[in-house]
Amino acid sequence: MTDEVKETFGGVGGGGPVQGRRGAGSGGAPPAPAALAAKVRTLAPSMTRSMQRVAEAVAGDPAGCAALTVTGLAELTGTSEATVVRTARLLGYPGYRDLRLALAGLAAQQQSGRAPAITTDIAVDDPIADVVAKLAYDEQQTLADTAAGLDTVQLGAAVTALAAARRTDVYGIGASGLVAQDLTQKLLRIGLIAHAPGDPHLAVTNAVQLRAGDVALAITHSGSTGDVIEPLRVAFERGATTVAITGRPDSPVTQYADHVLTTSTSRESELRPAAMSSRTSQLLVVDCLFVGVAQRTYESAAPALAASYEALAHRHGARGRP
């Protein structure tokens with residue numbers, strides 16, 4: 001191993017400088033082999049081009065790459081040994097040796113299972129039955145990738161903040177705005193105070209009123225939506241606890257987030273834009289947040305939920321709770 005690689009093993013962090021008020025990370029174990037492909041899809045957009053080549057190589061051919069030394073993988077990808085090690089660190093492994101072990105495990109899993117018989121590419125002339133099958137498979141993959149890559153330490157911290165919050169503001173635009181509304185409606189039904197302002201100006205003026213003990217949550221797949229970043233920044237500066245749900249863990253929105261929850265970055269196509277795939281993973285994270293909060297506040301949440309069922313029962317032609 002070269003001196004450069006030795007230095008990289010000891011001195012380069014996994015995800016770059018820590019931004020905002022966040023700590024040095026959860027310090028958890030390296031991702032399981034099954035989570036490697038999801039991690040690559042999530043982090044690739046924020047990597048340098050040389051690191052992307054390494055990440056794409058290990059995700060595309062885990063068995064072949066597991067057999068290579070750090071020098072061999074560097075030669076295969078046209079990069080340097082230091083780049084290979086930095087990529088391993090960014091993917092969550094202490095070093096290249098740990099990444100090779102994960103690749104071997106992933107290769108073994110792939111050999112023991114069957115590859116899916118369908119792809120997620122939907123053509124204009126696809127029969128509707130094929131469209132249903134392909135979308136169903138892609139939704140399942142998106143959910144699996146999001147679950148595999150979700151930092152449960154960050155999730156737990158966000159749940160704690162939401163459960164204790166005096167008030168919660170949720171920001172989102174477009175498809176992410178629909179997810180923001182979904183979360184606020186859930187929180188309201190268990191008796192918590194939550195808002196999802198649809199107007200960007202209103203979002204900022206609401207954020208000005210936040211303070212310590214409040215929570216501001218931003219939902220943006222790209223992590224660079226200005227109308228979502230601005231109110232989160234204001235809330236951050238006012239002392240509120242801030243949370244970002246994004247598909248880009250190193251995007252601008254994260255510099256104002258105390259807790260970052262990463263969603264799957266699914267492959268886009270002409271007929272299935274990011275708005276569809278991102279919404280699926282965002283809704284999973286929102287449901288995880290809601291269930292966690294409901295668990296923490298069960299004594300007050302259960303009666304509030306029952307009361308909301310009773311209040312709406314007559315509108316559904318039912319008597320009492322369904």
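Which helix holds the place of Leu-202? Leu-202 lies in helix H11 (residues 200-208).

This is a predicted model, in which local features need pLDDT of at least 70, side-chain atom pairs count only at pLDDT 80 or more, and totals for chains, interfaces and linings use all residues. Residues are numbered from 1 along each chain as its sequence is written, and side-chain values use heavy atoms, leaving out hydrogens and water.

**View 1. Leu-202 in helix H11.** Helices are DSSP runs (H or I, at least four residues), numbered from the N terminus. Leu-202 is partly exposed, at 43% relative accessible area. Partly exposed lies between buried (under 20%) and exposed (over 50%), with a 1.4 Å probe and protein chains only. Pro-231 is 29 residues from Leu-202 in sequence. Their C-alpha atoms are 9.1 Å apart in space.

**View 2. Helix H6 (residues 81-90) is mostly covered.** Nine of the 10 residues of H6 are buried. Among them are Glu-81, Ala-82, Val-85, Ala-88 and Arg-89.

**View 3. Helix H3 (residues 49-60) crosses H6.** The two axes come within 9 Å and cross at roughly 70 degrees. H3 is therefore roughly perpendicular to H6 (65 to 115 degrees). Axes are lines fitted to C-alpha atoms over the stretch in contact, with angles from 0 to 180 degrees between N-to-C directions.

**View 4. Residues where H3 meets H6.** H3 brings Ser-50, Met-51, Val-54 and Ala-55. H6 brings Thr-83, Val-84, Arg-86, Thr-87 and Leu-90. Contact means heavy atoms within 4.5 Å. Of the residues in this contact, five are nonpolar, three polar and one charged.

Notes:
Helix = DSSP H or I, 4+ residues; strand = E, 2+ residues; numbered from the N terminus. Parallel < 35°, antiparallel > 145°, perpendicular 65-115°, else oblique. Nonpolar A, V, L, I, M, F, W, Y, C, P; charged D, E, K, R; others polar.
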